[in-house]
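Please consult the sequence and the structure shown below while reading.

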Amino acid sequence: MQDAAATEELALRAASGDPAALDLLLQGIRPEVVRRCGRFLPCREDAEEAAQDVLLQVARKITSFEGRSRFSTWLYTVVANCARQKYRELKRRAAEQPDAIDASQHVDPRTTSVIAGSRIDLLEALERLEREHPHLVAPLVYRDICQLEYAEVAERVGIPLGTLKSRLHEARRQVRPWLVDAS
């Protein structure tokens with residue numbers, strides 16, 4: 001990613017309608033977006049597809065970026081949402097066509113890659129957490145996956161720092177046994 005100050009300036013210019021700034025911004029953030037999507041999705045192709053969705057969303061919604069928080073915080077929200085949406089889409093597609101995969105040719109990434117398996121298990125845990133405790137998902141995603149600072153997460157979620165830490169602790173407590181059971 002470009003240096004943070006240059007990215008912030010490009011984002012503000014793009015948000016005000018400068019198409020050249022938007023082009024430069026999209027080119028500059030692409031590698032970071034692919035890398036961040038890869039934290040959610042184990043397959044590189046899926047991460048790249050999610051990254052394309054992120055860049056499209058950034059291009060479409062950049063005018064909603066008001067500069068009240070850092071652009072990177074705004075961007076991580078888009079990354080998290082698009083990557084999780086891509087995962088849901090892949091899961092739904094697999095459920096709709098279970099016979100399309102020849103079982104003898106199918107390789108479960110959980111059996112071939114500890115990293116890939118842990119990501120799949122984490123996405124499953126996030127879906128379960130969203131069903132059972134939706135208010136705990138954003139703190140966990142922003143802090144533990146996007147690796148934002150606590151203060152930045154609290155600002156993004158719109159809650160006091162103490163409340164954020166409490167929710168994060170509870171989210172980790174809820175998710176931990178699901179991840180242990182999955183391995």
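## A loop position: Ile159

Ile159 sits in the loop between H8 and H9, where helices are DSSP runs of H or I with at least four residues, strands are runs of E with at least two, and numbering starts at the N terminus. With a relative accessibility of 15%, Ile159 counts as buried; this class means under 20% relative accessible area, whereas exposed means over 50% and partly exposed lies in between (1.4 Å probe, protein chains only). Once neighbours within four places in sequence are set aside, Ile159 is in contact with Ala154, Leu164 and Arg167, contact being heavy atoms within 4.5 Å. Between the C-alpha atoms of Ile159 and Pro139, which are 20 residues apart along the chain, the separation is 9.9 Å.

## Basis of the model

The model is predicted: local features need pLDDT of at least 70, side-chain atom pairs count only at pLDDT 80 or more, and totals for chains, interfaces and linings use all residues. Residues are numbered from 1 along each chain as its sequence is written, and side-chain values use heavy atoms, with hydrogens and water left out.

## Overall architecture

The protein has nine helices and zero strands, giving the pattern α-α-α-α-α-α-α-α-α along the sequence. Of its 183 residues, 39% are buried. Among contacts between residues at least 6 apart in sequence, 63% join residues at least 24 apart.

The protein exposes about 10,200 Å², of which carbon and sulfur atoms supply 51%; accessible areas come from the Shrake-Rupley method with a 1.4 Å probe, and for residues only the protein chains shown count as cover.

## The nonpolar core

The largest nonpolar core contains 52 residues, and those with the most contacts inside it are Phe40, Val58, Ile62 and Phe71. Such a core is a set of buried Ala, Val, Leu, Ile, Met, Phe, Trp, Tyr and Cys residues joined through side-chain atoms within 4.5 Å. Two or more residues of this core come from each of helix H1 (4-15), helix H2 (19-40), helix H3 (44-61), H4, H6, helix H7 (137-145), helix H8 (150-157) and helix H9 (161-182). The most is given by H4, with ten residues.

Trp74 belongs to helix H4 and is buried, with a relative accessible area of 9%. Beyond its neighbours within four places in sequence, Trp74 is in contact with Val58, Lys61, Ile62, Ser64, Phe65 and Arg156. Trp74 and Arg156 are 82 residues apart in sequence, yet 8.0 Å apart in space, C-alpha to C-alpha.

Gln174 is part of helix H9 and counts as buried at 15% relative accessibility. Its contacts, leaving aside neighbours within four places in sequence, are Leu129, His133 and Leu136.

## The cavity

A search of the whole structure finds one cavity of 30 Å³ or more. On a 1 Å grid over the protein atoms alone, a cavity is a set of points where a 1.4 Å probe fits but cannot get out, and lining residues have an atom within 4 Å of a point. The largest cavity holds about 40 Å³ of space, a volume being the space filled by probe spheres set on grid points, which are joined across faces, edges and corners.

Arg84, Tyr87, Arg88, Leu123, Leu126 and Glu127 line the largest cavity. Helix H4 (71-96) and helix H6 (114-132) each supply at least two residues of this lining. By class, the lining has three nonpolar, no polar and three charged residues; Ala, Val, Leu, Ile, Met, Phe, Trp, Tyr, Cys and Pro count as nonpolar, Asp, Glu, Lys and Arg as charged, and the others, Gly among them, as polar.

How values were computed. 1 Å grid on protein atoms, 1.4 Å probe; cavity = no way out; pocket = protein on both sides within 12 Å on 5 of 7 lines; lining within 4 Å.
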